[in-house]
Amino acid sequence: MKHIFYFLFFCIPFAVYPQGVTTSKNIKIDFTGFVRNDFIVDSRKNVCACDHLLEFYPYRPVYDDNGEDIYARANAHFLNTFSRFGTRFSGLEIGNAKISAYLEFDFTGFSSTNGVRLRHAYTSIAWPKTTLLFGRAWHPSFIEKVYPSVLNENTGLPFQVFNRSPQLRLTHHLSDNLDFIAGAVYQYNYVNDGPDGKTYRYQREAVVPNLHAQLQFYNKNWVVGAAIDWKSILPRTSTIGINGTFKTDEKLNTWAALAYLKYSKDMFELKAKTMWGQNVSESLLPGGYAVASRDEETGAETYTPLNHIYNWINFTYGKKWKVGLYAGYMKNLGTKDAPYYEGVFYGMATDIDRIYKVSPQLIYFFKNFMVGWEMSWTSAAYGDIDTGDYGKVKNTETVTNFRNLVSVAYNF
């Protein structure tokens with residue numbers, strides 16, 4: 001961290017202006033970010049990440065010999081690792097194309113330590129009607145114009161895509177109010193599960209990128225859009241059967257489709273999104289796939305994806321004092337084809353039938369200062385995977401976590 005600031009402030013000659021700094025090569029540098037502290041109290045243990053900042057859903061109950069759930073225990077955290085620092089570089093032009101770059105990091109990189117984590121690192125080339133972005137940024141399915149306004153770092157999980165990956169993204173203005181967006185994405189930190197655990201190898205060895213296409217309409221009050229997404233992974237490169245070891249090229253090809261909207265007027269804002277997805281667990285959403293068939297002689301396998309629906313709605317009202325409500329619902333629809341009778345599943349929360357969340361908030365703003373409270377009620381219905389009925393989850397038991405979050409932040 002010390003070396004980064006030394007480089008920025010001592011190794012680059014610059015002139016200081018109210019809007020940022022300009023180097024001797026006329027490259028403008030703008031700084032952005034915030035210092036933030038969060039105090040969190042949970043009513044039970046949760047599946048989470050980033051030292052409990054990133055909340056997903058409650059753990060499945062585990063009962064002791066007295067019939068008591070060992071995870072039904074309150075816990076509290078006081079964390080500041082959500083603090084963030086970003087730099088935007090601009091001022092370079094080639095013909096009528098403007099070239100800029102953005103670099104951003106926070107301190108949630110390692111468990112129980114203040115490790116620096118890379119969030120964004122991309123360069124964009126903007127022509128009058130077309131912008132080309134390449135580098136690490138939000139997945140095109142995240143929808144940067146329409147995502148939940150929540151205090152929790154999870155940004156609406158497990159109903160909203162959460163994925164930053166290396167990509168090539170093209171945005172073309174078809175008209176003053178309509179954009180076409182296309183992306184080619186490769187996994188890196190946000191990856192699928194499989195026979196070798198979580199790794200980007202499955203997509204890398206499938207060669208082709210995750211492909212995305214989207215149409216987005218917008219005006220003064222509305223943003224409305226729809227998208228489709230296609231992905232291919234190669235779970236195994238070889239198999240082992242009774243007759244030996246064999247090379248395999250069996251891939252799993254999956255789809256996702258989504259629609260979204262935002263309406264804003266004065267101090268009121270309404271946002272909503274729905275997505276149907278197959279094996280989208282790389283975006284930290286419940287999902288995955290199952291082995292559909294297996295040849296015992298060669299070990300060769302075929303695969304079938306789990307189908308899920310993810311929905312959320314969010315509204316906020318106010319400016320200095322802002323109130324809001326976020327609600328989400330997820331449903332496991334089972335596999336596309338009948339799974340293998342031994343029930344080999346890969347993914348995230350494959351034994352959850354549904355999840356729902358209700359989360360009210362109250363936030364106070366004063367210039368660059370923010371203090372807010374948010375309560376999240378998250379319930380997950382765990383059950384048994386029925387391989388005889390397309391991997392659907394049955395005989396469910398619902399478990400609930402209540403999270404209270406108080407956050408204080410200074411934005412710059």
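I take buried as under 20% relative accessible area, exposed as over 50% and partly exposed as in between, with a 1.4 Å probe and protein chains only. The model is predicted, and I use local features only at pLDDT of at least 70 and side-chain atom pairs only at pLDDT 80 or more, while totals for chains, interfaces and linings use all residues. Residues are numbered from 1 along each chain as its sequence is written, and side-chain values use heavy atoms, with hydrogens and water left out.

**Phe217**

I looked up Phe217 and found it in strand β13 (residues 210-218). Strands here are DSSP runs of E of at least two residues, and helices are runs of H or I of at least four, numbered from the N terminus. Phe217 counts as partly exposed because its relative accessibility is 34%. I then listed its contacts (heavy atoms within 4.5 Å). Leaving aside neighbours within four places in sequence, Phe217 touches Asn177, Leu178, Trp222, Val223 and Val224. Phe180 is 37 residues from Phe217 in sequence, and the C-alpha to C-alpha distance is 9.1 Å.

I count two strands as paired if DSSP finds at least two bridges between them. β11 (residues 164-175) pairs with β10 (residues 130-138) in the antiparallel sense over nine bridges. In that pairing I noted Trp138 opposite Arg164 of β11. β11 also pairs with β12 (residues 178-185), antiparallel again, over eight bridges. β11 and β12 form a hairpin with two residues between them.

**Cysteines**

I searched for disulfides (cysteine sulfur atoms within 2.5 Å) and found zero. The cysteine sulfur closest to that of Cys48 is in Cys50, at 9.0 Å, which is too far for a bond. Cys50 is likewise in no disulfide. Cys48 is partly exposed at 25% relative accessible area, whereas Cys50 is buried at 16%.

**Second largest pocket**

A pocket is an open set of points on a 1 Å grid over the protein atoms alone, where a 1.4 Å probe fits, with protein on both sides within 12 Å along at least five of seven lines; lining residues have an atom within 4 Å of a point. The space in this pocket is about 550 Å³, taken as that filled by probe spheres set on the points. By class, I noted 11 nonpolar, seven polar and six charged residues in the lining. Ala, Val, Leu, Ile, Met, Phe, Trp, Tyr, Cys and Pro count as nonpolar, Asp, Glu, Lys and Arg as charged, and the others, Gly among them, as polar.
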